[in-house]
Amino acid sequence: MRQVKDWSDWLESYYTSFQEAILKYKNAAQQLPLEFMVPDRTRIHIVVVAGRRTDFNEKAYRTKRRTKTEQNIELLHYDNLYDTAKEVVEKATYYDHFSYA
């Protein structure tokens, strides 16, 4: 959580540097949405990934819910990422629906 605060403080102080990095590496053929040009904390979504499912007990889940409600920060464990990635990989894609024989 300290890293989140440090990152938020940095972003607030150095948004221009962040903006320059985005512009430097963005696809030149695509327009950059306005929200990248103006610092707006309401558009920032923070996710903290720490530990494994077995590390989360009732106290951790309570902290997770409180942090989401009070600070709008999502706390996840690595198993959430694995489960979601596995689910996405197993889904049919647009390409799977067409035969190019």
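Biologist: What is the relative accessible area of Thr 63?

Modeller: Thr 63 has a relative accessible area of 30%, so it counts as partly exposed (buried is under 20%, exposed over 50%, partly exposed in between, with a 1.4 Å probe and protein chains only). The model is predicted: local features need pLDDT of at least 70 and side-chain atom pairs pLDDT 80 or more, while totals for chains, interfaces and linings use all residues. Residues are numbered from 1 along each chain as its sequence is written, and side-chain values use heavy atoms, without hydrogens and water.

Biologist: Where is Thr 63 placed?

Modeller: Thr 63 belongs to helix α3, which spans residues 58-71 (helices are DSSP runs of H or I with at least four residues, strands are runs of E with at least two, numbered from the N terminus). Its C-alpha atom is separated by 8.6 Å from that of Leu 75, 12 residues apart along the chain.

Biologist: And which residue is the bridge partner of Leu 75?

Modeller: Val 48 is the partner of Leu 75, which lies in β2. Strands β1 (residues 46-49) and β2 (residues 73-76) run parallel and are joined by four bridges (DSSP must find at least two for strands to pair).

Biologist: What do β1, α3 and β2 make together?

Modeller: They form a right-handed β-α-β unit: with the strands pointing away from the viewer, the path from the first strand over the helix to the second runs clockwise.

Biologist: Changing topic, how many aromatic pairs are there?

Modeller: The structure has five (ring centres of Phe, Tyr and Trp, the last by its six-membered ring, within 6.5 Å; planes under 30 degrees apart are stacked, over 60 edge-to-face, the rest tilted). One of them is Trp 7 with Phe 18, an edge-to-face pair because the centres are 6.3 Å apart and the planes at 85 degrees. That pair links distant parts of the chain, Trp 7 being in helix α1 (residues 2-13) and Phe 18 in helix α2, 11 residues apart.

Biologist: Why is the pair of Tyr 15 and Phe 18 tilted?

Modeller: The planes of Tyr 15 and Phe 18 stand at 55 degrees, with the centres 5.7 Å apart, so the pair is tilted. Both residues lie in helix α2, three residues apart, about one turn of the helix.

Biologist: How do those residues compare in relative accessible area?

Modeller: Tyr 15 is buried at 12%. Phe 18 is partly exposed at 25%, and Trp 7 is partly exposed at 41%.

Biologist: Which residues do the ring pairs link into a cluster?

Modeller: The cluster consists of Trp 7, Trp 10, Tyr 14, Tyr 15 and Phe 18.
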